[in-house]
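Open the structure in your viewer and keep the selection tool at hand. We will go stop by stop.

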Number of protein chains: 2
Amino acid sequence: MLTVFAIPGIGEITEGDDLAAIIGDALVAAHPSTSRPGVAVAVLEEGDILAVTSKIVSKAEGRMIRAADREQAITDETVRVVASRVHPGGVTRIVENRLGIVAAAAGVDASNTPEGTVLLLPVDPDASAARLRQALQSRFGVKLGIVITDTLGRAWREGQTDAAIGGSGVRLIDDLRGTHDTQGRVLDVTAPAVGDEIAAAADLVKRKSDGLPVAVVRGLGHLLDTDAPGARILNRNGPTDMFRLGTAEAWQEGYAAGVAAAAGENHTSTR
Amino acid sequence: MLTVFAIPGIGEITEGDDLAAIIGDALVAAHPSTSRPGVAVAVLEEGDILAVTSKIVSKAEGRMIRAADREQAITDETVRVVASRVHPGGVTRIVENRLGIVAAAAGVDASNTPEGTVLLLPVDPDASAARLRQALQSRFGVKLGIVITDTLGRAWREGQTDAAIGGSGVRLIDDLRGTHDTQGRVLDVTAPAVGDEIAAAADLVKRKSDGLPVAVVRGLGHLLDTDAPGARILNRNGPTDMFRLGTAEAWQEGYAAGVAAAAGENHTSTR
């Protein structure tokens with residue numbers, strides 16, 4: 001049984017806020033019986049995973065910046081442009097950002113922030129997750145996992161889903177390779193991206209527009225692992241990435257190479 | 001509060017099985033108290049969504065076929081090749097299949113099936129979902145949603161997640177465009193792909209290798225909608241698809257065009 005519930009009462013977060021304290025207080029407030037002495041109702045249970053919207057992590061860490069030019073902010077976060085497209089409302093840029101995540105607008109967010117500002121992703125979401133985990137584990141005395149989430153578009157599919165961009169204490173890919181299917185054969189390609197699935201499940205209760213940035217995901221204690229790697233393992237970059245460039249961008253590169261090659265041949269043949 | 005639980009006791013499914021009856025019986029068996037007269041424990045509650053692995057739908061519908069050549073089965077399901085790559089174990093082909101879904105191997109499955117056979121996706125997963133919904137709604141007297149799920153890889157991200165490839169009675173994209181964020185501005189791009197998020201949440205309890213092909217997703221009654229469109233709305237094809245071809249494939253097309261264009265120019269200049 002998996003249960004997922006949002007934590008009410010987390011207000012607007014601003015730079016310098018102690019996010020672990022605020023989340024912890026909201027958890028206690030949502031379970032008033034725990035404040036009665038001698039009553040052992042668990043606010044958090046052993047094995048709980050907290051899914052925390054990256055937006056509040058960024059705000060607490062002072063990642064909201066003045067940006068007269070949102071496009072410049074996106075450029076600054078970009079390591080590599082994958083694809084871009086001009087449309088009536090401006091330019092959509094799909095890029096790899098400094099965290100290795102391929103995302104529209106590099107993950108720079110201009111919604112739910114005051115005019116003239118943008119919100120950058122946390123500097124190191126895995127480290128943010130680790131700090132939250134340590135503080136909340138200490139306070140509540142249980143082993144936890146933390147997933148930092150962001151909303152991502154997808155190639156070939158409409159709409160967005162939440163995905164894991166940071167994590168601590170929880171396996172984000174549950175590697176089943178080497179296990180067997182019901183026919184006794186090795187399941188050699190199955191590696192569920194459980195970090196992204198946890199983020200998606202949490203999004204179903206958090207709902208961006210409702211101001212519920214944290215959800216408790218209960219019932220996946222088997223995924224907890226103190227030594228689990230961070231969210232970079234969810235990024236596919238390099239030789240196995242078959243979509244390093246958008247179709248138009250790759251075509252243009254090929255076209256230029258074709259023209260150059262033909263010119264070279266022509267040069268050779270007339271020499 | 002969202003709760004998700006797998007239904008135990010659904011055995012191996014074969015062609016001609018009445019899937020709604022089997023799922024219904026498994027639900028009742030998992031809640032024995034409901035079989036006592038006068039006891040009104042709800043096996044399914046109003047607003048429940050059942051996430052059903054496409055594999056068992058395919059098996060019930062006789063979509064397991066003899067296939068000496070799995071590659072030919074993939075070709076037969078393919079409408080359009082997006083990208084392919086040769087590697088030591090064979091060829092990975094990412095294609096758009098006849099359902100409009102971009103997937104590796106066109107969604108053709110050779111795991112968990114007997115040697116020499118492959119399992120094709122249901123002919124019309126939305127129709128399969130509608131039939132299941134009608135039958136289970138009639139039996140249990142509650143309004144339900146059905147999501148048919150399959151496991152998909154993603155561009156730029158490692159591992160797989162479950163996604164919705166069929167649906168009935170439930171919104172698969174929860175279009176928030178036109179609603180307002182906490183600053184009172186219109187949230188104009190947010191359209192959570194809740195169908196895929198439901199599939200992902202269900203996968204966390206179903207786990208492919210455990211033989212649990214159906215999960216109940218409870219607490220999302222607000223997404224139920226008798227007139228909701230099917231899963232094709234989750235496919236992004238056509239002009240808005242910036243990844244119609246893999247990088248290598250697009251580059252090759254461009255290269256050929258560049259060579260041809262240069263040859264044409266050369267031809268013109270020497271004429």
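Start with strand E1 of chain A, residues 2-6, and E1(B). The two strands run antiparallel, and three bridges join them. Now pick A:Leu2: its bridge partner in E1(B) is B:Val4. Bear in mind that this is a predicted model.

**The side of chain B that touches chain A**

On chain B, 82 residues are in contact with 82 residues of chain A. About 7300 Å² is buried between the two chains. Carbon and sulfur atoms give 55% of that area. Next, select B:Trp156, B:Arg157 and B:Met242. Together they supply 12% of the area that chain B buries against chain A, more than any other three residues.

Now colour chain B by element. Several elements give two or more residues to the side that touches chain A. The strands are E1 (2-6), E4 (78-87), E8 (145-154) and E9 (157-168). The helices are H5 (194-206) and H6 (247-270). Which one gives the largest share? Select H6(B): twelve residues of that side come from this helix. Then colour by residue type. The side of chain B that touches chain A divides into 43 nonpolar, 21 polar and 18 charged residues.

**A ring pair in chain A**

Move to chain A and select helix H6, residues 247-270. Show the side chains of A:Trp251 and A:Tyr255. Both lie in this helix, four residues apart, which is about one turn. How many aromatic pairs does the structure hold over all chains? There are four. A:Trp251 and A:Tyr255 form one that is stacked, with 5.2 Å centre to centre and 20 degrees between the planes.

**A hairpin in chain A**

For the last stop, select strand E4 of chain A, residues 78-87, with strand E5 of chain A, residues 90-97. Eight bridges join these antiparallel strands. Where do you look for the partner of A:Arg80? Go to A:Glu96 in E5(A), its bridge partner. Finally, follow the chain from E4(A) to E5(A): a hairpin joins the strands through two residues.

Conventions. Residues are numbered from 1 along each chain as its sequence is written. Chains are lettered from A and ligands numbered from 1 in the order in which they are written. This is a predicted model: local features need pLDDT of at least 70, side-chain atom pairs count only at pLDDT 80 or more; totals for chains, interfaces and linings use all residues. Side-chain values use heavy atoms; hydrogens and water are left out. Contact means heavy atoms within 4.5 Å. Buried area is the accessible area (1.4 Å probe) that two parts lose on being put together, summed over both. Ala, Val, Leu, Ile, Met, Phe, Trp, Tyr, Cys and Pro count as nonpolar, Asp, Glu, Lys and Arg as charged, and the others, Gly among them, as polar. Two strands pair if DSSP finds at least two bridges between them. Rings of Phe, Tyr and Trp (its six-membered ring) pair if their centres lie within 6.5 Å; planes under 30 degrees apart count as stacked, over 60 as edge-to-face and the rest as tilted.
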